[in-house]
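Welcome, and thanks for taking a look at this one with us. Please have the sequence and the 3D view open as you read the briefing below.

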Amino acid sequence: MQLSCWSFKLKSKAFITAAILCFTSLTGFSQRSKLAPTPPMGYMTWNFYADKITEQDVKTIADAMVANGLVQLGYDYIFIDDGWQGGRDKRNNIIPDPKKFPSGIKALADYVHSKGIKLGIYSDAAPLTCAGYTASLNFETQDAKTFAAWGIDYLKYDYCGAPSDKETAMDRYRTMADALSNSGRDIVFGICEWGGRQPWTWASEVGGNLWRIDGDIRDKWSASFDAPGTPKGGIGILDAVNRNADLVAYAKPGAWNDPDMLVVGLYGRKGPSGDLGGVGCNDIEYQSQMSLWCLQAAPLMVTCDVANMNAATKRILTNKEILAIDQDPLGKQAERKINENNWQVYLKPLSDGAYAVGILNTDSTTRKYSLPLSQLGLTGKYASLNVWSGERKKNQSKLSYELKAHETIVLKLQK
Ligand code: GLA
């Protein structure tokens with residue numbers, strides 16, 4: 001995009017105007033790209049509360065996330081997804097539903113900020129959102145200013161009800177990104193058009209900090225295990241991972257591939273993640289989602305009942321080593337080095353010179369796997385830390401492990 005800005009062969013005034021516009025847009029872009037230096041982490045309300053979310057629910061989530069240590073571990077956003085809107089007032093200012101948010105969003109933002117948590121909100125690039133609530137098309141500047149005045153820190157911007165072509169999508173997302181840039185507040189911008197228009201090729205250029213690469217994730221391992229008769233369209237953990245594996249080149253600090261929320265701890269709960277075959281996963285599969293999301297430098301958005309997590313869910317979501325791999329400042333997404341015989345192996349370089357390696361058994365049985373590190377391009381001997389078991393080994397030039405069905409082992413390798 002940078003070069004195309006300068007490809008105008010215009011003269012005098014027109015050239016200068018184009019140059020100024022170009023400079024402004026580049027500056028805006030470089031400022032926006034500083035907003036999410038590592039993948040955002042937090043809580044997203046959609047899978048658990050759907051559009052019934054209320055002010056009291058957000059406070060309950062905030063209190064629980066402080067009490068159980070999630071905020072201190074870096075899960076420092078709460079995103080209010082669809083369903084908060086109550087239309088517009090006489091001056092066309094967007095307002096929250098007064099029954100669900102009686103104190104208003106500003107007071108709620110003050111509350112969560114006082115707990116060390118940032119607040120996210122949701123809108124859509126059309127007149128109405130996916131769940132049929134008031135959205136922001138043609139009100140971008142006004143809504144961005146309202147969000148800034150409320151103290152909003154993140155906007156997830158959906159695409160229901162909008163035209164299907166890529167040019168319109170780019171235009172509508174750029175309009176909102178510019179409105180956010182001019183709102184007077186730093187607001188992270190999440191693009192949510194479900195991957196249909198290859199947003200990884202343009203989302204960062206128009207001002208997005210992350211972009212969904214796929215449709216809504218369901219609480220299941222893979223669509224290929226759907227029972228006969230399951231309505232089509234629901235993707236599972238493995239489906240999202242496979243898609244993301246091809247998008248390594250596009251992730252960098254300030255610009256992230258987003259394979260959607262963590263379904264860890266939902267166990268087939270009824271709700272948005274429970275339809276289209278969302279029958280639930282076992283803890284090995286949930287641990288794999290966490291492993292693979294972190295290896296792939298994905299945003300980590302918890303959606304389970306954080307006030308009542310069981311021990312397994314808590315263990316998966318709070319492992320400091322796996323979180324550090326996701327949040328590594330180098331911002332590299334793991335490359336899939338091996339994908340054969342139902343084995344996948346991922347390699348993620350880390351900022352301290354170490355590597356994270358993930359081995360995934362996509363088969364339905366327990367199997368043994370052995371891999372000379374030279375096959376990953378790693379020469380010499382490494383000390384290894386098994387991130388989930390805590391086991392440490394020295395002088396490794398070959399990895400040998402037994403993995404259960406759908407298990408992912410994650411190792412940190414250091415010279
Ligand atoms: C779309 C998005 C979801 C969620 C809902 C809300 O389906 O992809 O993540 O935000 O809309 O209506």
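In the side chain of Asp82, an N or O atom sits 2.8 Å from an oxygen atom of the ligand. Please keep in mind that this is a predicted model. The notes below start with the ligand and then turn to the sheet.

- Lys156 places a polar side-chain atom 2.8 Å from a ligand oxygen atom.
- For Asp216, the distance between a side-chain N or O atom and an oxygen atom of the ligand is 2.5 Å.
- The protein buries 93% of the 310 Å² that the ligand exposes when taken alone.

**The shell around the ligand**
- The ligand is surrounded by 13 residues, and the closest are Asp81, Asp82, Lys156, Asp158 and Asp216.
- By class, the shell holds 7 nonpolar and 6 charged residues, with no polar ones.

**The sheet**
- Eight strands form an open sheet with parallel pairing, and their order is E9-E8-E7-E6-E5-E2-E1-E10.
- At the edges you will find strand E9 (256–258) and strand E10 (300–302), each of which pairs on one side only.
- On average, neighbouring strands of this sheet are turned by 25° against each other, direction ignored.

**A closer look at E2, E5 and H5**
- Strand E2 (residues 77–79) pairs with strand E5 (residues 118–124) in the parallel sense, over 3 bridges.
- Ile78 has Leu119 in E5 as its bridge partner.
- Helix H5 (residues 104–114) packs on the sheet and touches both E2 and E5.
- The direction of H5 makes about 145° with that of E5.

Technical notes: Residues numbered from 1 in each chain as written. Predicted model: local features only at pLDDT ≥ 70, side-chain atom pairs only at ≥ 80, totals over all residues. Heavy atoms only, no water. Near = heavy atom within 4 Å. Polar contact = N/O pair within 3.5 Å; in protein donor to acceptor, adjacent residues only side chain to side chain. Areas by Shrake-Rupley, 256 points an atom, 1.4 Å probe, with all protein chains shown as cover. Nonpolar A, V, L, I, M, F, W, Y, C, P; charged D, E, K, R; others polar. Pairing = 2+ DSSP bridges. Helix = DSSP H or I, 4+ residues; strand = E, 2+ residues; numbered from the N terminus. Axes fitted to C-alpha atoms, helices over the stretch in contact; angles between N-to-C directions. Contact = heavy atoms within 4.5 Å.
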